[in-house]
Amino acid sequence: MNFSGYAGRILEINLTNEQIKVRSLDKNFAVKYIGGRGFGARILWDRTDATTTPLSPENPIIMSAGPLTGLLVPGSGKTSFTGLSPATESFGDSNIGGHIGLRLKQAGFDVLILNGKRPIPSCLIIQNDKVTFISATPYIGKGAFQVEKELKNDLDDTNFAVCTIGPAGENLVRCSSIQSEFRFAGRTGLGAVLGSKNIKAIAIQGDHEIPIAEPDQLLKLFKKANSYLKEHKIADIWQRQGTLGLVEGVNEVGILPVRNFQDAVWEYTSEISGNKFEEVFTNWHAHSCLYCNVACEGIASTEKGLRVRPQYENVAMLGSNIGIKDITEVVELNHRCNELGLDTISAGNLVGLVMEAFERKMISKKECNGIEPTWGNFQAAYELLEMIAHREGIGNILADGIRNFIKTFPQSINFAMHCKGLEQSGYDTRPLIGMSLAYATADIGAHHNRAWVAYHELRKNYTLKEIAQLVIFHQHFRPLMDCLGACRFPWIEFEIDPSIYADFYSFCVGIKTSFQQLIERSEAIYNITRAINLRRGITRKDDYPPPRTFNDPVPQGPFQGKVLEKDKYEQILNLYYELRGWTEEGIPKKETLNRLGLEDLIEYI
Ligand code: SF4
């Protein structure tokens, strides 16, 4: 392939027999599926079927960079992991920052597909075309950060980028993350897929140049974008606090998760806020992703020597959601999740669930291995995280996900907060029909990164149709950034003109493409992920928010007394399907698949 932006090749490794295949990236494939998540989704559709189970050797894990990954675009370190999710048993993907995607491209590959299973725990080492394995025995049982550091030392080459899993991934915990350089592919449990393949770490290094179609134009646009970001009115606060700065605002508008989403405002919010963090951790310093001068990924050190960098979700789910009101304790839980290789959102959600079940006397101290999981009990929360990661006691039930907890304690269905088996992230959606729809129809389950429309519906009154349209637009635009391989904050938080990404794409790849064309391709990819889910039994019945959203009125705050109205939700779900060109059961219609160039999917769904 001789067009630019891409490395131009796909590397596929069968871990069972060490068979390695290298093939060229087909131009039509690249244009149609863009990169990153798009490549992952299409490959996952082609390589799995209804019978493939997430933790089997047959489930591939796909690391895929985008056409902008590693190039002169703000925040271009983004790379996708894709596979069948151990959390939802359906489509799963998660995005990571750092240098791992850039190194993959420098090694000469846009995509790495891992099939099969290593006979012994191993680390995969890729240096340009050379693929080797080393024993992971020295790293087994160790934390994700620790292993990255040790492996880099052992490889004795600072040019390697390394991604790792923690003990949770090794123990096939269904909310395990993948870590690299303090960034995380946290959601959907893909760390457990790596664990199931006996892969503890992947190290990549290479020295290929990545071709750029119009380097001068790209440089000009990059400078323009970065000066826009630097001069933006929120640049200073965003650099100091990042998304942590949202905590107090989310509390004020009344959608903060408090005590397992029972409440939506919290009297101790200022204790876990961005301002509090700055006050307590005075030694923080700005840290930036690849080619981004926003530098919102600040790092601080605790007295115990932990390096920390909490974001909104970490603090909401491991703070207010479990009643912890000391920022240093929240930070310690956050750090422990990271080392154990647990997704902080799912972990905070599960700990909150146990605390509520304990409060309701559904589970006893004995069932919790002698700990008392009461709200705000730091030690209990800490121990629960250890128990989940190591599959001990009640942790073994939680390690198999929120639906497994419901199966074991059936009454918890009324307060277990998830969609499709993915634990809900940090926004209470009872007053927000659009955000409820966004969670419920997200292809990976209840995660805000597919469509975070709460911001919009809190500011304006929309008709149901307008909200459904907004959700759909976000479900195409936000994942588009995961296809391209760039950070979405410049658009979401700094309101940069979205069409700039079409120009970035055109200058990198050398194919003049409009923003609308990119959005249409992202829509096609959304239909592929829907098809993967449909093939695995997901239909309309799975597109509903959790029962608490409908049944338990918000106890206090601006939305006191609010629940999501069931008939209105049915209406918006119908509208959503109609606008997408799906049937009333949520199945893409033949004409929709034709319109999106997905004719070959028709016979399967
Ligand atoms: S905006 Fe923040 S998260 Fe995004 S690339 Fe820049 S520093 Fe990284």
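Predicted model: local features only at pLDDT ≥ 70, side-chain atom pairs only at ≥ 80, totals over all residues.
Start with the whole protein. Its secondary structure comes to 25 helices and 16 strands. The radius of gyration works out at 22 Å, close to the 25 Å that the globule rule gives for 605 residues, so the protein is as compact as a globular protein of that length. Along the principal axes, the C-alpha trace spans about 60 × 55 × 50 Å. Buried residues account for 58% of the 605 residues. As for how the chain meets itself, 70% of the contacts with a separation of 6 or more are between residues 24 or more positions apart.

Now for the sheet. Six strands make up an open sheet with mixed pairing, and reading across it gives the order S2-S1-S6-S3-S4-S5. The edges are taken by S2 (19-24) and S5 (91-96); each has a single partner strand, so one side of each is left without a neighbour in the sheet. Ignoring direction, neighbouring strands here are turned by 15 degrees against each other on average.

Five of its five residues are buried, so S3 is largely enclosed by the rest of the structure. That burial covers both faces: Ile 61, Met 63 and Ala 65 sit on one side, with Ile 62 and Ser 64 on the other. In the sheet, S3 runs antiparallel to S6 (residues 111-115), and four bridges join the two. Within S6, Leu 112 is the residue standing opposite Met 63. S3 also pairs with S4 (residues 79-84), again through four bridges and in the antiparallel sense; here Ala 65 has Thr 79 as its bridge partner.

One of the residues involved is Leu 84, whose bridge partner in S5 is Phe 91. A helix goes with this part of the sheet: H2 (residues 36-47) lies across S3, S4, S5 and S6, and runs at about 20 degrees to S4.

The residues around it are Gly 75, Ser 288, Cys 289, Cys 292, Val 294, Ala 295, Cys 296, Glu 297, Cys 487 and Phe 489.

Key
Residues numbered from 1 in each chain as written. Near = placed C-beta within 6 Å. Buried ≥ 20, exposed ≤ 12 C-beta atoms within 10 Å, placed from the backbone. Pairing = 2+ DSSP bridges. Rg over C-alpha atoms; globule rule 2.2 N^0.38 Å. Contact = placed C-beta atoms within 7 Å. Axes fitted to C-alpha atoms, helices over the stretch in contact; angles between N-to-C directions.
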